[in-house]
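Student: I'd like to learn how to read a few local features in a model. Could we go through them one by one?

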Amino acid sequence: MTKLEKGPQGRRRGRGARERILGASQQLFRAQGINRTGMDQLCEVAQVSKRTAYQHFAGKDDLVAAYLRRFDPDVMAGVFDRTDLTPRERLLAAFEVPASGPEELTPLCPYIAASVEIHDPLHPASQYAREYKLAVAARLTATAREAGAADPEQLGEQLALLLDGASARTRVLNAESYPTAAAIAAVLIDNALPAAAPDRTAGTAQAGQAETAGA
């Protein structure tokens with residue numbers, strides 16, 4: 001017999017129902033879109049009743065926002081929190097996206113997809129998507145500043161725009177655009193970073209050799 005746990009307002013629900021609902025939303029929203037997915041279908045795939053679903057989520061709007069938070073709650077921590085990479089390498093690592101299989105349709109960034117489907121800027125999902133994109137740009141800016149960029153805000157925004165463009169183009173063409181985006185990013189990053197200071201020791205040695213030769 002399935003073990004039960006207390007739910008909101010003292011109701012009872014099957015253990016794991018929330019995770020099954022979120023798992024179903026991730027599967028269906030990405031495969032067929034948010035607007036084409038109804039709560040009836042979500043509940044069927046998650047194997048829960050609508051009553052149980054509404055115990056966990058106030059409505060579909062609440063579920064969509066929770067679905068987005070599930071993707072990357074720490075804002076690309078696997079890239080920006082790495083201690084084995086230099087700041088420049090972390091900026092480039094943001095473009096290292098796993099390639100899709102040859103028969104798979106490349107999924108669009110879920111935050112962009114949600115913003116395209118949901119036209120209400122006050123919708124919880126629209127607000128979260130906006131906050132997330134701003135957070136990504138902020139982390140890129142902070143890393144650019146750590147790398148020594150002359151204008152880290154500009155570089156952070158340029159890289160954020162490049163990431164989103166690569167995501168959209170990859171989805172439209174169903175072909176990987178991130179390697180090209182990474183090459184462009186490398187040029188932007190290197191142009192934004194200060195040139196390496198000349199080696200004064202080497203310069204002094206060369207001057208000394210020239211004087212000796214002149215003598």
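**Reading the features**

Tutor: Let's start with N174, which is partly exposed because its relative accessible area is 33%. Keep in mind that this is a predicted model.

Student: Where is N174, and what is its phi near?

Tutor: The general idea first: most residues other than glycine have a negative phi. Here, N174 has a positive phi, near 50°. You'll find N174 in the loop between α9 (152-173) and α10 (178-192).

Student: What about V75: is that residue buried or exposed?

Tutor: Buried means under 20% relative accessible area, so V75, at 13%, counts as buried. V75 has a positive phi too, near 55°, and belongs to the loop between α4 (60-71) and α5 (77-80).

Student: On to helices. How many residues does α8 have, and how far does α8 reach?

Tutor: To judge a helix, set its end-to-end reach against the span expected at 1.5 Å a residue. With 24 residues, α8 reaches 35 Å from first C-alpha to last, close to the expected 34 Å. After α8 comes G148, with a positive phi near 95°.

Student: Which elements do the buried residues of α8 pack against?

Tutor: They pack against α4, α5, α6 (87-93), α7 and α9. Among the buried residues of α8 are Y128, Y132, V136 and L140. Then look at α7 (residues 110-117), where P110, Y111, I112 and A114 are buried. The cover over those α7 residues includes α1 (17-32), α4, α8 (124-147) and α9.

Student: Now charges. How many salt bridges does the structure hold?

Tutor: In general, side chains of opposite charge can pair when their charged atoms come close. This structure holds eight salt bridges. One of them joins the side chains of E19 and R70, at 3.1 Å from N to O. That pair links distant parts of the chain, with E19 in helix α1 and R70 in helix α4, 51 residues apart. E19 is partly exposed at 43% relative accessible area, and R70 counts as partly exposed at 33%.

Student: Which residue does K50 form a salt bridge with?

Tutor: K50 pairs with D40, their closest N and O atoms being 3.3 Å apart. Again distant parts of the chain are linked: K50 is in helix α3 (residues 50-56) and D40 in helix α2 (residues 39-46), ten residues apart. D40 is exposed, at 52%, whereas K50 counts as partly exposed, at 38%.

Student: And how far apart are the closest N and O atoms of D84 and R82?

Tutor: They're 2.7 Å apart, in another salt bridge. D84 is exposed at 54%, while R82 counts as partly exposed at 31%.

Note on methods. Residues are numbered from 1 along each chain as its sequence is written. This is a predicted model: local features need pLDDT of at least 70, side-chain atom pairs count only at pLDDT 80 or more; totals for chains, interfaces and linings use all residues. Side-chain values use heavy atoms; hydrogens and water are left out. Helices (H or I, at least four residues) and strands (E, at least two) are DSSP runs, numbered from the N terminus. Buried means under 20% relative accessible area, exposed over 50%, partly exposed in between (1.4 Å probe, protein chains only). Contact means heavy atoms within 4.5 Å. The expected span of a helix is 1.5 Å times one less than its number of residues. A salt bridge is a side-chain nitrogen of Lys or Arg within 4 Å of a carboxyl oxygen of Asp or Glu.
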